[in-house]
There are 2 protein chains.
Amino acid sequence: MPSTVIRNVRPLGREAVDVVLDSGKVSALLPAGGAPAEMSTLVDGQGQLLLPALVESHVHFDKSLWATPWRPNSAGPTRNHRITNEHTVLKDFKVPMAERAGPLIEHCIARGSLYFRSHLDVQTVWGIQHVEAMLALREKYKHLIELQLVAFPQGGLLIAPGTHALMEQALELGCDVVGGIDPAGIDLDPIRHLEQIFALAVKYGRGIDIHLHDLGEMGRWEVERIADMTEAMGLQGQVVISHAYSLGAFPPADLCALADRLAALRISIMTCAPPHVTVPPVAMLRSRGVNVCSGSDGIRDAWSPMGNGDMLERAMLMALRFNWGKDEDLAAAFDVVSQGGARALGIADYGLDVGCQANLVLLPAENLPEAVVNRSQQRTVISRGRVVARDGVFLAG
Amino acid sequence: MPSTVIRNVRPLGREAVDVVLDSGKVSALLPAGGAPAEMSTLVDGQGQLLLPALVESHVHFDKSLWATPWRPNSAGPTRNHRITNEHTVLKDFKVPMAERAGPLIEHCIARGSLYFRSHLDVQTVWGIQHVEAMLALREKYKHLIELQLVAFPQGGLLIAPGTHALMEQALELGCDVVGGIDPAGIDLDPIRHLEQIFALAVKYGRGIDIHLHDLGEMGRWEVERIADMTEAMGLQGQVVISHAYSLGAFPPADLCALADRLAALRISIMTCAPPHVTVPPVAMLRSRGVNVCSGSDGIRDAWSPMGNGDMLERAMLMALRFNWGKDEDLAAAFDVVSQGGARALGIADYGLDVGCQANLVLLPAENLPEAVVNRSQQRTVISRGRVVARDGVFLAG
């Protein structure tokens, strides 16, 4: 495959360059105008901003009702109501998952995300159907995206006998990560829940990504226990705690020691920075070296009709959540949806440097902070050296 | 002017109709296909959703740095720092206000807002310059929009001697509304501040729109005092309390009596529903009959780089803020940025009924909740019976 070049783009707002691509990777960054004229032009960037592709670190593709007629939300007020309601909605849903999640993946690509971690329900009501359907979709899109799958015991592990065996099946079939959920609030036996998911991680050589909605003192205590087990099992750098609402219930200064411990164990915190609940203090966590990533969570599903899979908008929402307005804070919000995600997901060849995968987004913006604030939809998305979306429209088959 | 017709649109998602327009007003709503073929077609709606034009009830057009190069935010952490920082930024700003606020007004029109209430700084540092500049802009855009102007003592009234005389000048020149600001937190003498702004309102026969950021017990006490004076002065239906963060600091049930009083006095609450601070309990207030409206507040100004003037996005942000997902809640969020704004601003001929001004927005959406969630940019905006914007681009001169 001969070299191609993206001409005249500004990486993260810096001086304009020509980006030479070979075999789907960045092979050189030359001053703008420096790439030979005879080299094939992939895109004339015309001075646009160049970003690494966005990282969607927490989504539930299997739950989405995307690309189907509007369905008024029918969920009750509690988490357990919502779990039951989802069974009712999805159990006999006429449109199969592939026809919902597939178009949603394409939509997310068009918004600039090329790295994903999707949780997949592993529950006795539908066994491992979600895993099987999503493995087929992963195969379909493997030339375009990296998609990690989490075996997620949405309905609990201990309280739903049979789930543990399904989790093993899901991991054997190819799920990359062991999921967990509210060891206290849902599963009602925090230590045993954690023991089981950590044992699964060790047995199958996988990482862990645990949903932790439990609030206040309870949730914080569980974060500490997750740290204990991460250390005891030697799973440093392989654990993500998703949501961790409880960490927003305390003055950040009270959490410094815990933050230092999370940093030392390389436990990442995933937050969607929702505005209606306490959320982890992202700035403090990052200042102590804790990696933070973000995601869309549910997108138009039985839980909520909200969401559009736009991780640049997620960065804006995070900035709004914390009242961030300084350039460095807006850049931090972008870091969370890019490098922070790559770190959490363990993506090695991520970024704009020579040798990185040519997974890129071009868009009109003066600089990185403006890109976050404005979220221009005029995005050109490049996957492994090919243009796969323009102006919000998915192109590649 | 002969009749024109918008064919095949669904008002708020209801059955498709043809909307006949005469002299800039809605003159008939006929079942779709019912308008005579020979009647001139203004727009073929092709089944799109029809909405009344959006109402921007709280914006600061005079502060915006819109249409100028990105300027890193330099504001300090407190409200007083920010006021001082704004003086530094705007005092010798090279681009005159008309070249910032004008393009911003056009941008807001393209997003579907045709009714505005803008606060304008009236301060000793620049006297009534902002008022004069904005009066000229109001004249420029009067064929397209309704723009109410608030004489706003941003730097305080009592603590900044000379401001009261400037407020009188601003009102004499044509400001429609008397502004106020944190009677306790900024002006340090709550009763005297309120006495002065209410006296101005009575003297000039204007309404009041007061910025109330004061938090907790202090802010709630001030809301009560504003109610006292509204009643004493007979200004029922003419007072808006903007922000009223304090009302979010208490369990909603504790505020029922106060809400009933606000409803009886027809005092509107304006909230942008920001996620980083306590906000008024919109659902409870509305359930007790209190009118709630919303706005963008600052848009890319010295206070914050955030904001895009999109009131449909504001409705989405409000829904996120309160974790609203039900259809009726999303419809309520839309009501806040439409009818709620019209009520607060006292716009009589607002809406989609026969006799209303033909100030309309068409956009692709299945129904009203989906319009709020998706915020499609493919909006056709009609002002007084003329198409003035399409797909985010302002057309009319």
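What rotation, and what shift along its axis, superposes chain A on chain B? In this predicted model, chain A is brought onto chain B by a rotation of 180° with 0.0 Å of shift along the axis, and the superposition has an RMSD of 0.0 Å. Such a rotation is the relation of a two-fold axis. Within chain A, the C-alpha nearest the axis belongs to Pro275(A), at 2.5 Å from it. The same surface serves both copies, since 100% of the contact residues of chain A recur in chain B.

The contact between the two chains draws on 33 residues from chain A and 33 residues from chain B. The area buried between chain A and chain B comes to about 2800 Å², and carbon and sulfur atoms give 55% of that area. On the side of chain A, the residues that lose the most area to chain B are Trp70(A), Pro275(A) and Met306(A), which together account for 24% of what that side buries. In one salt bridge between the chains, the side chain of Arg300(A) meets that of Glu370(B), with a distance of 2.7 Å from N to O.

Attention now turns to the inside of a single chain. The domain assignment divides chain A into domain 1, made of residues 4–52 + 351–394, and domain 2, made of residues 54–345. The centres of domain 1 of chain A and domain 2 of chain A, taken over C-alpha atoms, are separated by 29 Å. Where these domains meet, 27 residues of domain 1 of chain A are in contact with 25 residues of domain 2 of chain A. The area buried between domain 1 of chain A and domain 2 of chain A is about 2100 Å², with 65% of it given by carbon and sulfur atoms. Between domain 1 of chain A and domain 2 of chain A the count is 2 salt bridges. A salt bridge is also formed by Asp310(A) with Arg379(A), whose closest N and O atoms are 2.8 Å apart.

A search of the whole structure finds 2 cavities of 30 Å³ or more. The largest cavity has a volume of about 100 Å³, and of the 14 residues that line it, the closest to its centre are Leu65(A), Arg71(A), Pro72(A), Asn73(A) and Asp301(A). Sorted by class, the lining of the largest cavity consists of 7 nonpolar, 4 polar and 3 charged residues. The second largest cavity holds about 80 Å³ of space, and the residues that line it include Leu65(B), Trp70(B), Arg71(B), Arg300(B) and Asp301(B). In the lining of the second largest cavity, 6 residues are nonpolar, 3 are polar and 3 are charged.

Conventions. Residues numbered from 1 in each chain as written. Chains lettered and ligands numbered in written order. Predicted model: local features only at pLDDT ≥ 70, side-chain atom pairs only at ≥ 80, totals over all residues. Heavy atoms only, no water. Least-squares fit on C-alpha atoms with pLDDT ≥ 70 in both. Contact = heavy atoms within 4.5 Å. 1 Å grid on protein atoms, 1.4 Å probe; cavity = no way out; pocket = protein on both sides within 12 Å on 5 of 7 lines; lining within 4 Å. Points joined across faces, edges and corners; volume = space filled by probe spheres on them. Nonpolar A, V, L, I, M, F, W, Y, C, P; charged D, E, K, R; others polar. Domains from an automatic or database assignment. Buried area = accessible area lost by both parts, 1.4 Å probe. Salt bridge = Lys/Arg side-chain N within 4 Å of Asp/Glu carboxyl O.
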